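Please keep both in view while reading.

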Amino acid sequence: MGPRFRGDDSKTTVVAALFLLATPTLLFSTPARADLKLCNRMSYVVEAAIGIDDKSATATRGWFRIDPAACRVVAQGNITAERILLHARSLPVYGASPAPQNGTDNLCIAPKDFVIAGRQCRGSQTAVPFTEIKPSIGEDGHQVAYLAEGAEYDDEQARLAAIQRLLVIAGYDAAPIDGVDGRKTQNALAAFLKARGLGADAAQAPNFFETMIAAVETPSATGLTWCNDTQYRVMASIATDDGKAVTSRGWYRIEPGKCLHPDVTGQPRRIFSFAEAVDSNGRTIKINSRPLNWGGSTMLCTREAQFEFTEQGDCGPRGLNASGYERVDMTAGAGKTIRFGMP
């Protein structure tokens, strides 16, 4: 489930984000400093971008990375802009989840850290939906805001659910992802720590999510791994056949030089893969007039937005695309790494 934005003055469970731009015409500090921070109670590591809209001036800034159960000061001083807006995204390791937010303001972002003035996107900048949010005053007198999801996690539950989620993506059996500790989660975590040569206390380290994400982005000896050896962003999809239905799911974002383990649940009889290289606007890269993609002859349903389909017939009449997937040879007990390279 994607980020949800709501307010609750009694519990300060407001989803919001605030930041300080180097744009003096939009933001001003007052002698009584009230820092603004964003707190993450989701089971995902997220990156947030902030927008401000004040009369005829608009600006955006990103990215602020925030781990589960952590808070980050994103503005020092008081914001006097009329409107504050937020766009949040999960890291590429999570693939198709969570679903993107639906905002009414389309503002500009860039792939790397940015400060952008105005609503006119240029170069590699793209327009994405931002949602207007309103801050809440915390017990410490500072303005605070929360990213939350439907499970209504507290900090401890969000951190555990986030560990469970990354363990599952890395190929360990820590499901269900519910933020509840138990023997299965503890066994999966112990196996992960042992495989990485880490002590039992490593899970409490401030950089533990960085360690877990690095593990997911490293080719695995078991399961399926995608590696992007091109200079372009690659969007990949996986499909599984459990003997009853073929389920296709996408998209997983794989940046240049990175690897990713797609989450494969259960014990499917067959696994399929499809991927294509895209530009900063999401358009398919073409080399000598041919799309740069990697697939095969098994036609399954996809669409440009995130998806999960179990019905694979009549893709066109249903308003979907039909993409050619390649069957992945997964030898029992071994891993498979698919490398996306230039032709």
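The points below concern nonpolar cores, a helix, a sheet and disulfides.

The model is predicted. Its largest nonpolar core has 63 residues, and a second, separate core has 14 residues.

**Nonpolar cores**

- In soluble globular proteins, nonpolar side chains tend to be buried together.
- Within the largest nonpolar core, the residues with the most contacts are Val93, Tyr94, Leu166, Leu167, Phe208, Trp226 and Phe340.
- Leu167 touches Tyr172, Ala174, Thr185, Ala188, Leu189, Phe192 and Met212, when residues up to four places away in sequence are not counted.
- The second core, which is separate, includes Ala239, Val246, Trp251 and Phe309.

**Helix H3**

- Helix H3 comprises residues 208–216, and its buried residues are Phe208, Phe209, Met212, Ile213, Ala215 and Val216.

- Strand S11 (residues 223–228) pairs with S14 in the antiparallel sense over 2 bridges.
- Cys259 in S14 is the bridge partner of Cys227.

**The disulfide of Cys227 and Cys259**

- A disulfide is a covalent bond between the sulfur atoms of two cysteines.
- Cys227 and Cys259 form such a link, with their sulfur atoms 2.0 Å apart.
- This disulfide is right-handed, with 105° about the S-S bond.
- Cys227 in strand S11 and Cys259 in strand S14 are 32 residues apart, and the pair links distant parts of the chain.
- Cys227 has a relative accessible area of 0% and is buried.
- Cys259 also counts as buried, at 10% relative accessibility, because the limit for a buried residue is under 20%.

**The disulfide of Cys39 and Cys71**

- Cys39 is joined to Cys71 by a disulfide, S to S 2.0 Å.
- The torsion about the S-S bond is about 110°, so this disulfide is right-handed.
- Cys39 lies in strand S1 (residues 36–41) and Cys71 lies in strand S4 (residues 71–75), so the pair ties together parts that are 32 residues apart in sequence.
- Cys39 counts as buried at 2% relative accessibility, whereas Cys71, at 45%, counts as partly exposed.

**The disulfide of Cys301 and Cys315**

- A disulfide joins Cys301 to Cys315, S to S 1.9 Å.
- The torsion about the S-S bond of Cys301 and Cys315 is about -90°, so this disulfide is left-handed.
- Cys301 is found in strand S19 (residues 298–302), and Cys315 in the loop between strand S20 (307–309) and strand S21 (321–328), so the pair ties together parts that are 14 residues apart in sequence.
- Cys301 counts as buried at 0% relative accessibility, and Cys315 counts as buried at 8%.

**Disulfide pattern**

- With bonded cysteines counted along the chain, the disulfides follow the pattern 1-2, 3-4, 5-6, 7-8.

Key
Residues are numbered from 1 along each chain as its sequence is written. This is a predicted model: local features need pLDDT of at least 70, side-chain atom pairs count only at pLDDT 80 or more; totals for chains, interfaces and linings use all residues. Side-chain values use heavy atoms; hydrogens and water are left out. A nonpolar core is a set of buried Ala, Val, Leu, Ile, Met, Phe, Trp, Tyr and Cys residues joined through side-chain atoms within 4.5 Å. Buried means under 20% relative accessible area, exposed over 50%, partly exposed in between (1.4 Å probe, protein chains only). Contact means heavy atoms within 4.5 Å. Helices (H or I, at least four residues) and strands (E, at least two) are DSSP runs, numbered from the N terminus. Two strands pair if DSSP finds at least two bridges between them. A disulfide is a pair of cysteine sulfur atoms within 2.5 Å.
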